[in-house]
Amino acid sequence: MIAADIERSARLLDHFAVTNTQPRHVGRLVGHDGGMLEVTGFSRPMGSGARITAADGTQVRAEVVGFKGSKAVLVPLDQDAPLENGARVEPDSAANMVQVGEGLLGRVLDAMGQPLDRKGPIIANAQWPLAGVRSNVLDRGRVLERFDLGVRAVNSLLTAGRGQRIALIAGSGVGKSVLMGQMIAGAEADIVVVGLIGERGREVSDFLETKLAGRLMDRSVVVAVPADHPPVLRLRAAARATAIAEYFRARGKNVLLLIDSLTRCAHAQREIGLSLGEPPAMKGYPPSALAFIPRLCERAGVDSKSGGSITAIYTVLADGDDTTDDPIVDTARAIVDGHFVLSRQLSEQGIFPAIDIGKSLSRVMTDVVPREHMLAATVYRRLWAAYEENRDLILMGAYRPGNDPIIDEAVERRQEVLEFLRQDVKSTMTIDESTAQLMMQFAPELMQ
């Protein structure tokens, strides 16, 4: 009888596959200081996930962010949990993987991949590392194809390429989100992945109802984490959105990735870095906050193996409209392949999108457009620069017409130059239409 019971018990365990025979790391919570948790006996690498048993028996998720001697320093991912001294801490390997698949399309997720849209559970049968898959740098292809973003000023004067990384730089309330909505509506992308990081809760609902309304949502994935969530969740949301985009790129899709905003991700990393004791550097940002930006941005681009691409747009909030001395702006501008700077002066004149063409640049434009298009854009830029450089003289009346024919033309055609930027929020314009208008207005001789 006993032998039969043993044999039956053995058969019940036949379907279990034990892949790891190493001892399981179980730690104990011994300290809580400034939102950071200190755990002994928990030797896990940076970025590893953990589960902490709270006083009420619930499981609290956390992430390893540093070390103090033999203690691991963790950041809790759940707020206001009843943690107590000596709480059990176990590893959570699933925390470093992202559920991906076609089932994500049309859904809104939080930083941990849980649905926010009340449409039921998400059916995603594949996984992708949260931190991405490190690949050979030579597998990253060149940007050689145009990418239509549906905005006339961008398509004609700052032409984007498939797989380009773009920083959208502006102060608060200048029209970043509106321009993002125009780009999403006009983009020729197979998949759209949007990361709303650190936004006000109201803006998340507004973005979904106005920028991703209708059939556009059917090919979109949104990862949203409002501003009142812990900083580590904001970082995980940006990493999750990028991981989802990487999965679709690996399957040959052309993905448009939008992260709004990169600045709030850097603020989150600053909070964590300062709590860990990092010394503040430029304007209070520790080194880890600035190092986070290239790690995230370098994950976008063209995959020469699969033929897919991630065209990424990162919004960057310029504190006090400072686009020259802000360390986040400088770091982002140095790592991306182009930057669009929005002007508060233009927005106050009612010109939207308020793109300052003189301060904006697409570094791949010369590789993706024909010579005639580039020459027409140069004519426009010359008129823009001639007026801006002599703005004070012109407005004071100190400039006398006839001294310089280029300045004379810039003054005469100033309204035409500004009007070319203006575009209705709900309208889109293809690259071919945008280029034709540019050449017709500013370089008709090149059309012959």
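A salt bridge is a side-chain nitrogen of Lys or Arg within 4 Å of a carboxyl oxygen of Asp or Glu. The model is predicted, so local features need pLDDT of at least 70 and side-chain atom pairs count only at pLDDT 80 or more, whereas totals for chains, interfaces and linings use all residues. Residues are numbered from 1 along each chain as its sequence is written, and side-chain values use heavy atoms, without hydrogens and water.

**View 1. Six strands close into a barrel.** The order is β1-β2-β5-β4-β3-β6, with antiparallel pairing (strands are DSSP E runs of at least two residues, numbered from the N terminus; two strands pair if DSSP finds at least two bridges between them). Strand β4 (residues 59–68) is joined by six bridges to the antiparallel strand β5 (residues 71–76). Within this pair, A62 stands opposite P76 in β5.

**View 2. R51 and E90 form a salt bridge.** Their closest N and O atoms are 3.8 Å apart. R51 counts as partly exposed because its relative accessibility is 25%, whereas E90 counts as buried at 14% (buried: under 20% relative accessible area; exposed: over 50%; partly exposed: in between; 1.4 Å probe, protein chains only). A network of salt bridges links R51, R88, E90 and D92.

**View 3. E416 forms a salt bridge with R413.** The closest N and O atoms lie 3.0 Å apart. E416 is partly exposed at 28%, and R413 is buried at 16%.

Definitions and conventions. Helix = DSSP H or I, 4+ residues; strand = E, 2+ residues; numbered from the N terminus.
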